[in-house]
Amino acid sequence: MPIKKRKQRPGKVKSNCAKEVSVLAWIQDAYGNVLLIRQTAGQQLWSLPGGKVRGPEALKVALRRELKEEIGLTVVSAKVIDMFDRPLRSSLAVLFQTKLRKGKLKLGKNEIKDAAFVSKLPPNATPSVRYFWRRQFPSAAGRGNVLDL
């Protein structure tokens, strides 16, 4: 018996694209300041340390790899605390509360221009940093992003 092929309805597009998944680290110092980094390429916006997940790579494995590459430190613990779904960009950012092994930041030579622990959200921050900042510091968002310590 011959197999009939299904006809696709006009206007119905089947997407073969999967979402691009990124992992980001929310790292705070003893004073509540958040670690942000600035890339050497592109618009050089302030972002959270992290990056894209490769193929079948586990999320925590990707986080460990990215943090080692970007800031030269080892992850001690990481727990998912938030997500940022951007359907129009077909991307998903997963935010981890991250604890690191003590040590000095060693910025990735060709990748990272600068790093700083900040108490205020810089104006030139990526959309994901702005999104997570508002959600992690909801009371600060309405007051000009100033933290009371």
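Trainee: Leaving aside neighbours within four places in sequence, which residues is T126 in contact with?

Mentor: T126 is in contact with L45, W46 and S47, once the neighbours within four places are set aside. Bear in mind that this is a predicted model. T126 itself sits in the loop between β7 and α2.

Trainee: Why is T126 called buried?

Mentor: Its relative accessible area is 16%. Buried means under 20%, so T126 is buried.

Trainee: What makes the link between the side chains of T126 and S128 a polar contact?

Mentor: The side chains of T126 and S128 are joined at 3.2 Å. The limit for a pair of N or O atoms is 3.5 Å, so this pair counts as a polar contact.

Trainee: Where do T126 and S128 lie in relation to the largest pocket?

Mentor: Both are among the residues nearest its centre, along with S22, K52 and R86. In total 24 residues line this pocket. Two or more lining residues come from each of β1 (20-26), β4 (50-52), β5 (75-86), β6 (91-100) and α2 (127-136). The volume is about 660 Å³.

Trainee: How many residues of each class are in the lining of the largest pocket?

Mentor: Eleven are polar, eight are nonpolar and five are charged.

Trainee: Which residues of α2 are buried, and what do they pack against?

Mentor: The buried residues of α2 are S128, V129, Y131, F132 and W133. They pack against β1, β2 (34-39), β3 (46-47), β5, β6 and β7 (112-118).

Trainee: How many aromatic pairs are found in the whole structure?

Mentor: The search finds six. One of them joins W26 and F137.

Trainee: What makes the pair of W26 and F137 tilted?

Mentor: The ring centres are 5.6 Å apart, and the limit for a pair is 6.5 Å. The planes stand at 50°.

Trainee: Do W26 and F137 count as buried or exposed, and what decides it?

Mentor: W26 has 1% relative accessibility and F137 has 13%. The cut-off for buried is under 20%, so W26 is buried and F137 is buried. Ring pairs also link W26 and F137 with W133 into a cluster.

Trainee: What makes F84 and Y131 a stacked pair?

Mentor: Their centres are 4.0 Å apart and the angle between the planes is 10°. Planes under 30 degrees apart count as stacked, so the pair is stacked. F84 belongs to strand β5 and Y131 to helix α2, so the pair ties together parts 47 residues apart in sequence. Both residues are buried.

Trainee: Why does E66 count as buried?

Mentor: E66 has 7% relative accessibility, and the threshold is under 20%, so E66 counts as buried. E66 is placed in helix α1 (residues 59-71). Beyond residues up to four places away, E66 touches G50, G51, K52 and E111.

Trainee: Which residues lie nearest the centre of the second largest pocket?

Mentor: They are I27, Q28, L100, R101 and F117, out of 15 lining residues. β6 gives the most to this lining, with four residues. The second largest pocket has a volume of about 230 Å³.

Trainee: What is the phi of S90, and where is S90 found?

Mentor: S90, which is not a glycine, has a positive phi of about 55°. S90 is found in the loop between β5 and β6. Its relative accessible area is 27%, and that lies between 20% and 50%, so S90 is partly exposed.

Note on methods
Residues are numbered from 1 along each chain as its sequence is written. This is a predicted model: local features need pLDDT of at least 70, side-chain atom pairs count only at pLDDT 80 or more; totals for chains, interfaces and linings use all residues. Side-chain values use heavy atoms; hydrogens and water are left out. Buried means under 20% relative accessible area, exposed over 50%, partly exposed in between (1.4 Å probe, protein chains only). Contact means heavy atoms within 4.5 Å. On a 1 Å grid over the protein atoms alone, a cavity is a set of points where a 1.4 Å probe fits but cannot get out, and a pocket is an open set with protein on both sides within 12 Å along at least five of seven lines; lining residues have an atom within 4 Å of a point. Grid points are joined across faces, edges and corners, and a volume is the space filled by probe spheres set on the points. Ala, Val, Leu, Ile, Met, Phe, Trp, Tyr, Cys and Pro count as nonpolar, Asp, Glu, Lys and Arg as charged, and the others, Gly among them, as polar. Rings of Phe, Tyr and Trp (its six-membered ring) pair if their centres lie within 6.5 Å; planes under 30 degrees apart count as stacked, over 60 as edge-to-face and the rest as tilted. A polar contact is a pair of N or O atoms within 3.5 Å; within protein, one must be able to donate a hydrogen and the other to accept it, and residues adjacent in sequence count only if both atoms are side-chain atoms.
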